[in-house]
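This briefing is meant to be read alongside the sequence and the 3D view. Please keep both open while going through the points below, which are grouped by topic.

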Amino acid sequence: MQTVLFHSTIYGPIHSRRLGMSLGINLMPNDGKICSFDCLYCEAGFNAQGPGKDGVPSRDAVKKQLRAKLEEMKQQGQTLDVITFSGNGEPTIHPEFKKIVEDVLRLRTEYFPNAKVSVLSNSTMAGKPQVMQALLKVDNNILKLDSALPRTFRLLNRPVSPNCLPDGVIADLKRYNGQCVVQTIMTRGEYDGEHYDNTTDEELDALLSAYLQIKPREVMLYSIDRKTPAENMVKVDKEELERIAQRFRDAGIKVQVNA
């Protein structure tokens, strides 16, 4: 079984194809996964591996470990483009997410004032007032929407809650008034006897309609880059991603392609 990627609260820095030189913050357990989605392509594996025994890190632990790492990087003359909330599950689930974001912003300003702070989120908590307040403070709140059609949304993202559907996510993201980046993976394949493909005309029309409602600062389109827990997932090549991106650009959407 493919298992969690990150075995520490602060990890990296690593080079991100989307964000540059990135120092990661994992607010989920170091020995398990907790997420409100169970995506077929998740690099941290399926939720079935369990939450582990370590639990989520405390606010104080995050602050101390991040300060120590930033101090070390500063002393060594390293550069930093971004501090990124990501890891073994959905970071906005953490009960102290808002306060942790505030701590991270202060430490960023103290050590690397030119670095950005980004959050990679699956959007399931984006409508919660405290989460929304935190996400609006960071430089890049990158919020997932892989399909605007219920069947594909549920096949690809496999939300834990049966009530989680794309219409609700779109409604939440509209409340950001354009102060967000929407991230969409493009893929097709088959899982457990069910075929999925979010690159069809029907899917792209539905996504475009959603983007026009959300009015994001930018849309990030990308494809599979690493091993996935589900087999038979097709990597959409850069040429096809660019064709899809142009379709959205023609409608006035700013699109970044990461192949």
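Predicted model: local features only at pLDDT ≥ 70, side-chain atom pairs only at ≥ 80, totals over all residues.

Eight strands make up an open sheet of mixed pairing, in the order β1-β2-β3-β4-β5-β6-β9-β11.

**The hairpin**
- β7 and β8 form a hairpin that has two residues between the strands, and Asp192, which is in the turn, has a positive phi of about 55°.
- Within this pair, Gly189 has Tyr196 of β8 as its bridge partner.

**The open sheet**
- The order of the eight strands runs from β1 through to β11, and the pairing along the sheet is mixed.
- Because β1 (10–16) and β11 (255–258) stand at the edges with a single partner strand each, one side of each is left without a neighbour in the sheet.
- From one strand to the next, the twist averages 25°.

- Strand β5 (residues 140–144) is mostly covered, with five of its five residues buried, where buried stands for under 20% relative accessible area.
- Asn140, Ile142 and Lys144 point one way from β5, whereas Asn141 and Leu143 point the other way, and all are buried.
- In general, the side chains of a regular strand alternate between the two faces of the sheet.

**Partners of β5**
- With strand β4 (residues 116–121), β5 pairs in the parallel sense over four bridges, and Ser118 has Asn140 in β5 as its bridge partner.
- The chain passes from β4 through helix α3 (residues 129–135) to reach β5, and this β-α-β crossover is right-handed.
- With strand β6 (residues 181–185), β5 also pairs in the parallel sense, here over three bridges.

**Helices lying across the strands**
- Helix α1 (residues 59–75) lies across β1, β2 (20–26) and β3 (82–86), and α1 runs at about 55° to β1.
- Helix α6 (residues 201–214) lies across β6 and β9 (218–222), and α6 runs at about 170° to β6.

Notes: Residues numbered from 1 in each chain as written. Heavy atoms only, no water. Buried < 20%, exposed > 50% of the residue type's maximum accessible area, 1.4 Å probe, protein only. Pairing = 2+ DSSP bridges. Right-handed = clockwise from strand over helix to strand, strands pointing away. Axes fitted to C-alpha atoms, helices over the stretch in contact; angles between N-to-C directions. Contact = heavy atoms within 4.5 Å.
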